[in-house]
Amino acid sequence: MNTPSVGPQPHGRGHAEGHGHDLAGLLAQVACGDHAAFEAVYDQLAGSVYGVARKVLRDPAQSEEVAQEVLLEVWRSACRFDPARGSAAAWVMTIAHRRAVDRVRAENAATAREQKAAPDSGTSEDVFELVDMALDRQRVRRCMGRLSALQAEAIKLAYYGGYSYPEVAGLLGLPLGTVKTRIRDGLIRLRDCMEVAQ
Amino acid sequence: MSVQSHDLHLLTGAFALDALTGDELDEFERHLEQCAPCAEEVRGLRETAARLGMATAIEPPPWMREQVLAATGRIRQLPPSDVRLITADGPRRRRRLGRRLPRPIAVTAMAAAIVALAVLQVGTRHQLQQAQISNQTIASVLSASDARIELSSSAVGGRVTAVISPHDREAVITASGMPTPSGAQVYQLWVISPAGARSVGLLPGSSARATSPVLADDVQPGDQLAITIEPAGGTKQPTTIPIVEIHTRP
């Protein structure tokens, strides 16, 4: 069968590559129908894809479904990945997060979600459990610790909770404009913190 | 910068976290197309968001790996040439475009006739349902703008028709007039590439008339389609000399 050449490729870039071995190069091979390259992509990212789905959806069965959909979407549309527009990991994680959020919103059993939302500061604890990418996790945790409480909470509710920012505003009892800027300022601070740490 | 576009710029963070919805999302996406600094900021914040996501990594159930890898064998990849045409609602958009594309009418009409013939002779209701499901995919190959028909005589009599879409990397194959194999034997269809032979499946219910069509996916230009006679149930690799070989032109 196909022999993958998983050696260095010229496309590797981007902050979210982390420990990844040239995902961009692998994706280029996946775009050509290379099953072995896809296996390598799977091994690098399936845990993150499944993790974010679990984080947002909570339900294991649904998370498994979404994770599979996302990974197959990566296979199907690998040729749409454009390294000039960001890292391969960010491309995959964007698809994963969007799918998970779409699913959670589609279901939007509003009552169930609102009940979950109130004590959702629990997020801060369990976000980081069972994580096997110790370095990345530590960095995220450390940088998250440098945000204001409000920035961190707004970002966690939006990203890990899958809430829209008006929903976040409602949950935190803050004006829309405040939440909008807190999210942006907090993310920029996270970005800068993680870049410095690279 | 107007007050309004300044306001929009502040949405980069919420956008990067998929926290925009409805009209506001549409408006911001339009704004992004004209605001290079916003796009650059979104790019960076998406990387940051991805890191938040990767920090949640947990081991997926082991069966998932096998299942996903197996499924890639059945899922057609988007061809690179479609990149610009496809947006978030990819498949729907693509079909719309497909309808507008000129296509060789003769090929389509002939291909439709092949399918019609094949469906006519499918027996049970179950088979008919199966045929209808795959017919949607088959119809898309047959109506592909670059669909090409290749006819080939079989060494045991009868002939094989393949409709090949190099663009979609798919082919639809039917056989007609081939002798019914003995009970212990079947006709098996293969895609042969430089990497080796891959079974597409068994030709269903062969008879004097056309078999129901079989879809072969991931057919790369230059690959060969081949049919061999194999023991009932089929084999993993061809064990006999093909009775038909069709070359897909590179």
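Some housekeeping. The model is predicted: local features need pLDDT of at least 70, side-chain atom pairs count only at pLDDT 80 or more, and totals for chains, interfaces and linings use all residues. Residues are numbered from 1 along each chain as its sequence is written, while chains are lettered from A and ligands numbered from 1 in the order in which they are written.

Chain A. It has 10 helices and zero strands; helices (H or I, at least four residues) and strands (E, at least two) are DSSP runs, numbered from the N terminus. Along the sequence the pattern is therefore α-α-α-α-α-α-α-α-α-α. Of the 198 residues of chain A, 49% count as buried. Buried means that 20 or more other C-beta atoms lie within 10 Å of the residue's own; exposed means 12 or fewer, partly exposed is in between, and C-beta atoms are placed from the backbone. For contacts, the criterion is C-beta atoms, placed from the backbone, within 7 Å. Among contacts in chain A between residues at least 6 apart in sequence, 64% join residues at least 24 apart.

Take H3(A) as an example. This helix has 17 residues and spans 24 Å from its first C-alpha to its last, close to the expected 24 Å at 1.5 Å a residue; the expected span is 1.5 Å times one less than the number of residues. Which residues of H3(A) are buried? They are A:Ser63, A:Val66, A:Ala67, A:Val70, A:Leu71, A:Val74 and A:Trp75. These buried residues pack against helix H1 (23-31), H2 and H4 of chain A, together with helix H5 (62-72) of chain B.

Now the cores. A nonpolar core here is a set of buried Ala, Val, Leu, Ile, Met, Phe, Trp, Tyr and Cys residues joined through C-beta atoms within 7 Å. The largest one has 78 residues, and A:Leu27, A:Val41, A:Val49, A:Ala53, A:Ala158 and A:Ile183 touch the most other members. H2(A) contributes the largest share of this core, 13 residues. Leaving aside neighbours within four places in sequence, A:Ala53 is in contact with A:Ser63, A:Val66, A:Ala67, A:Ala96 and A:Ala100. A second, separate core of 27 residues includes B:Val141, B:Ala147, B:Val172 and B:Val200.

On to the strands of chain B. Two strands pair if DSSP finds at least two bridges between them. An open sheet of four strands has the order S1-S2-S3-S6, with antiparallel pairing. Strand S1 (148-153) and strand S6 (214-216) stand at the edges with a single partner strand each, so one side of each has no neighbour in the sheet. The twist averages 25° from one strand to the next; axes are lines fitted to C-alpha atoms, for helices over the stretch in contact, and angles run from 0 to 180 degrees between N-to-C directions. Three bridges join S3 (residues 170-176) to S6(B), and B:Ile173 stands opposite B:Val214.

B:Ile164 lies in strand S2 (residues 159-165) of chain B. With 27 C-beta neighbours inside 10 Å, B:Ile164 counts as buried. Leaving aside neighbours within four places in sequence, B:Ile164 is in contact with B:Arg148, B:Glu150, B:Ala171, B:Val219 and B:Thr248.

Elsewhere in chain B, S4 (residues 185-193) is joined by eight bridges to S7 (residues 224-231), antiparallel, with B:Tyr187 partnering B:Ile229. S4(B) is also joined by six bridges to S5 (residues 196-202), again antiparallel. A hairpin through two residues connects S4(B) to S5(B), and B:Ser193 has B:Gly196 as its bridge partner.

Last, two backbone angles. Most residues other than glycine have a negative phi. B:Asp18 has phi near 60°, in the loop between helix H2 (12-16) and helix H3 (22-34) of chain B. B:Asp218 has phi near 50°, in the loop between S6 and S7 of chain B. Both are buried, B:Asp18 with 25 other C-beta atoms within 10 Å and B:Asp218 with 20.

Conventions: Contact = placed C-beta atoms within 7 Å.
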